[in-house]
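Subject: Structure for your review

Dear colleague,

Please find below the structure that I am handing over to you.

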Amino acid sequence: MTGSKELYAQSKELTPGGVSSPVRAFAPYPLFIESARGCRIKDADGSEYVDLCMAYGPLISGHAHPEVMDAVRDQLSKGTVYGAPSELELALIRRIHECVPSAEMVRLAVSGTEATMHAVRLARGYTGKDGIVKMNGGFHGAHDSVLVSAGSGSAGGVPSSAGVLADTAKHTFTAEYNDIESLSVLLDSRGVIACVIMEPVMGNVGVVPPEPGYLRDVRRVTEEHGVVLIFDEVITGFRLSAGGAQGLYGVTPDMTTMAKIVGGGFPAGAFAGKREIMENVAPRGKVYAAGTFAGNPVSAAAGLAQIDLMTRDDNYRKLNIRTGALAKAFGDMMADADVDGCVNYAGSMLSVFFGIPRATCGREAMMADRSMFDRLFRSMLKKGVYLPPSALEVDFLSLAHDDASLRKAEEAFGASMRDVKG
Ligand SMILES: Cc1ncc(COP(=O)(O)O)c(C=O)c1O
């Protein structure tokens with residue numbers, strides 16, 4: 001069997017950095033995964049790990065859940081993509097409509113990037129305005145309008161990737177999450193804003209939940225300014241609850257983007273919102289959005305099966321309680337070992353921040369000590385627990401994380417504290 005080291009050597013000759021998405025890379029080489037089941041992954045070197053990365057979020061029922069696999073196998077025998085509508089696709093659309101409060105109408109896509117790209121275009125087409133606002137540290141996929149960092153002073157943003165035009169980035173403004181003043185001031189001083197796009201619970205600087213009343217304030221301020229509010233629920237959709245973050249916190253945006261869990265482990269995305277806005281999408285309206293694989297029946301079958309699983313037997317509540325217990329255990333172990341930092345969690349998302357007392361916004365979260373995190377990552381890996389390799393990512397739990405796996409994660413974390421201190 002060819003091991004990870006050798007596969008990586010071959011891979012980096014043929015694909016940039018040896019990986020298909022940058023976050024997967026870590027030194028000296030990433031693990032190449034051979035198989036996965038439940039909450040465990042096995043690499044090409046024959047080692048098995050408890051997985052707390054879980055492919056960055058789509059697998060809320062675990063890897064290869066039998067019910068999801070059965071639904072997929074059943075669909076595979078009927079074809080994989082039709083280039084025409086199907087009843088299964090309609091069933092997924094209906095399920096999203098029934099579960100997600102803002103989803104009066106839904107359009108399927110293939111990824112989170114596509115969903116947010118279409119949603120921003122739609123908000124611009126609907127309002128006739130060019131500007132968008134995102135949060136400092138918010139991530140909305142790999143397209144030009146959102147690959148933008150805050151500029152200096154009152155100018156718009158600057159490209160956060162080579163190849164993004166300064167002319168595009170100048171239309172993207174940045175506010176600070178959990179700071180309603182920063183958003184109000186921005187909206188007061190700019191008449192050009194089409195939409196605010198934000199993760200209702202931040203998930204790309206680690207987990208940062210909203211402070212009480214914050215999302216309600218965002219809703220009020222955007223309404224006052226006639227600005228479309230887009231909750232990017234690519235991570236939180238069908239994760240925090242069946243209604244996503246908006247279901248959990250009781251705040252309904254104008255539009256919502258989703259991906260990850262809606263595909264049940266297969267590629268899928270969706271954007272949804274008020275009928276008045278969504279009716280502007282082609283072919284009904286003039287805002288173009290399209291995709292060969294959008295609404296494909298295999299992803300729809302998997303997504304529906306996973307959502308069905310999650311919405312029975314009180315599964316969300318049980319999973320969220322387990323996550324809270326793991327977060328508390330991690331926090332207690334840090335305190336016992338005199339390791340500075342804090343643990344944030346929301347639903348079944350969890351993050352450890354080293355060296356800072358709290359992480360309530362992108363600015364604070366990005367001040368966390370990355371080298372301490374890197375030592376945790378490597379120490380946990382040696383002890384058989386696979387975390388996302390970056391300090392800015394999130395640990396995800398699934399229904400498949402049983403007592404034994406969580407005990408193993410706790411023990412590994414406790415035993416890693418000495419390494420973390422360095
Ligand atoms: C909040 C958010 N939006 C959009 C995206 C892009 O999704 P995708 O990777 O499916 O393109 C991500 C990816 O992790 C995300 O976390």
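The notes below describe what was found, element by element.

Please bear in mind throughout that this is a predicted model.

Two strands pair with β10. Strand β9 (residues 193-198) pairs with β10 in the parallel sense, over 4 bridges. Within this pairing, Cys195 stands opposite Val228 of β10.

The bridge partner of Phe231 in β11 is Thr256. The chain runs from β10 through helix α8 (residues 244-249) to β11, and this β-α-β crossover is right-handed.

Helix α7 has buried residues of its own, namely Tyr214, Leu215, Val218, Arg219, Val221 and Thr222. What covers them includes β5 (131-135), α6 (180-189), β9, β10 and α8. Just after α7, Gly226 takes a positive phi of about 65°.

Leaving aside neighbours within four places in sequence, Thr256 is in contact with Val100, Ser102, Phe231, Glu233, Gln246, Ala270, Phe271 and Ala272. One of these residues, Gln246, makes a polar contact through its side chain with the side chain of Thr256, at 2.9 Å.

Pro85 has a relative accessible area of 73%; exposed means over 50%, so Pro85 is exposed. Pro85 and Phe139 are 54 residues apart in sequence, and their C-alpha atoms are 31 Å apart in space.

**The ligand**

Which residues surround the ligand? They are Ser111, Gly112, Thr113, Phe139, His140, Gly141, Glu199, Asn204, Asp232, Val234, Ile235 and Lys260.

- A polar side-chain atom of Asp232 lies 2.7 Å from a nitrogen atom of the ligand.
- An N or O atom in the side chain of Lys260 is 3.0 Å from an oxygen atom of the ligand.
- For Phe139, a backbone N or O atom lies 3.4 Å from a nitrogen atom of the ligand.

**Helix α1**

Helix α1 spans residues 4-14, and Ser4, Tyr8 and Ser11 are buried in it. Why do the buried residues of α1 line one face of the helix? Seen down the axis of α1, they fall within an arc of 65°, so they share that one face. On the other side of α1, Lys5, Glu13 and Leu14 are exposed.

An open sheet is formed by 4 strands in the order β1-β2-β3-β15, with mixed pairing. Its edge strands are β1 (33-37) and β15 (385-386), each of which pairs on one side only. Strand β3 (residues 48-51) and β15 run parallel and are joined by 2 bridges. Val50 stands opposite Val385 of β15.

Another open sheet has 3 strands in the order β13-β14-β16, and its pairing is antiparallel. Here the edge strands are β13 (341-346) and β16 (395-396), each pairing on one side only. β13 is joined by 6 bridges to strand β14 (residues 349-354), and these strands run antiparallel. Val343 has Val352 in β14 as its bridge partner.

With kind regards

Notes. Residues are numbered from 1 along each chain as its sequence is written. This is a predicted model: local features need pLDDT of at least 70, side-chain atom pairs count only at pLDDT 80 or more; totals for chains, interfaces and linings use all residues. Side-chain values use heavy atoms; hydrogens and water are left out. Buried means under 20% relative accessible area, exposed over 50%, partly exposed in between (1.4 Å probe, protein chains only). The arc is that of the directions from the helix axis to the C-beta atoms. Two strands pair if DSSP finds at least two bridges between them. A crossover is right-handed if, with the strands pointing away from the viewer, the path from the first strand over the helix to the second runs clockwise. Contact means heavy atoms within 4.5 Å. A residue is near a molecule or strand if one of its heavy atoms lies within 4 Å of it. A polar contact is a pair of N or O atoms within 3.5 Å; within protein, one must be able to donate a hydrogen and the other to accept it, and residues adjacent in sequence count only if both atoms are side-chain atoms.
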